[in-house]
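Me: I have a model open and want to talk through it. Can you take my questions as they come?

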Amino acid sequence: MKHGHSPGWEPEEIYTFADYVVKKGERFLKPKFKRLKRNNELVYGVEGKVTEAVLYTTSDTADWGRDNYSWQPISMRFSDSKKIISATLPKNAQAYFVNIIDSKGHIYSSPMRMVKKNSY
């Protein structure tokens with residue numbers, strides 16, 4: 001998201017969050033990290049109706065300057081109950097985050113996490 005007032009006014013997700021906080025409105029979706037399995041499978045829990053989930057990874061975190069890195073999308077798998085999403089973390093990943101999309105097309109992101117070198 002670009003910096004400034006106008007870019008901050010555009011996403012509907014911001015108003016959903018504000019209504020939740022101020023007016024006790026509809027709860028926004030939030031992917032919650034659960035664990036990293038031995039086979040490098042990331043597992044997240046979700047509450048609510050998620051229509052799509054995408055893991056984004058990057059393999060180069062040497063320079064976080066503008067446009068100096070790229071995020072690679074990986075579609076995540078849903079459990080039968082649809083309350084668990086998962087994806088395999090690539091071996092070269094250095095950082096990652098998850099985006100989930102609800103039935104209204106609203107996008108919610110997890111915090112970015114750095115990969116611990118000894119996690120493999």
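Reply: What follows is a chat about strands, salt bridges and surface patches.

Me: What kind of model is it?

Reply: This is a predicted model, where local features need pLDDT of at least 70, side-chain atom pairs count only at pLDDT 80 or more, and totals for chains, interfaces and linings use all residues. Residues are numbered from 1 along each chain as its sequence is written, and side-chain values use heavy atoms, with hydrogens and water left out.

Me: Start with the open sheet. What is the strand order?

Reply: The open sheet has 4 strands in the order β1-β2-β6-β5, with antiparallel pairing. Its edge strands are β1 and β5 (77-78), each of which pairs on one side only. Strands here are DSSP runs of E with at least two residues, helices are runs of H or I with at least four, and both are numbered from the N terminus. Two strands pair if DSSP finds at least two bridges between them.

Me: How many bridges join β1 to β2?

Reply: There are 4, and β2 covers residues 41-45. K32 stands opposite G45, and F33 has Y44 as its bridge partner.

Me: What sits between those two strands?

Reply: β1 and β2 form a hairpin with 4 residues between them. N40, in the turn, has a positive phi of about 65°.

Me: Switching to charges. How many salt bridges are there?

Reply: The count is 2, taking a salt bridge as a side-chain nitrogen of Lys or Arg within 4 Å of a carboxyl oxygen of Asp or Glu. E41 pairs with K37, with the closest N and O atoms 3.9 Å apart. E41 also pairs with R77, where that distance is 3.0 Å.

Me: Why does the R77 pair tie parts together?

Reply: E41 lies in strand β2 and R77 in strand β5, so the pair links parts that are 36 residues apart in sequence. Shared partners join K37, E41 and R77 into one network.

Me: Is E41 buried or exposed?

Reply: E41 counts as buried, because its relative accessibility is 12%. Buried means under 20% relative accessible area, exposed means over 50%, and partly exposed is in between (1.4 Å probe, protein chains only). K37 is partly exposed at 34%, and R77 is partly exposed at 41%.

Me: Which residues form the positive surface patch?

Reply: R27, K30, K32, K34 and R35 form it. Patch residues have over 30% relative accessible area and no salt bridge; like charges are joined within 9 Å, and nonpolar side chains (Val, Leu, Ile, Met, Phe, Trp, Tyr) within 5 Å. Lys and Arg count as positive and Asp and Glu as negative, while His and the chain ends are not counted. R27 is in the loop between α2 (12-23) and β1 (32-36) and is exposed at 54%.

Me: And which residues make the nonpolar one?

Reply: W64, Y69, M112 and M114 make a patch of about 370 Å², with areas from the Shrake-Rupley method and a 1.4 Å probe. M114 is in strand β9 (residues 113-114) and is partly exposed, with a relative accessible area of 44%.

Me: Last one. Where is A53?

Reply: A53 is in strand β3 (residues 50-58) and counts as buried at 3% relative accessibility. A53 and I85 are 32 residues apart in sequence and 7.3 Å apart in space, C-alpha to C-alpha.

How values were computed: The place of a charge is taken as NZ of Lys, CZ of Arg, CG of Asp or CD of Glu.
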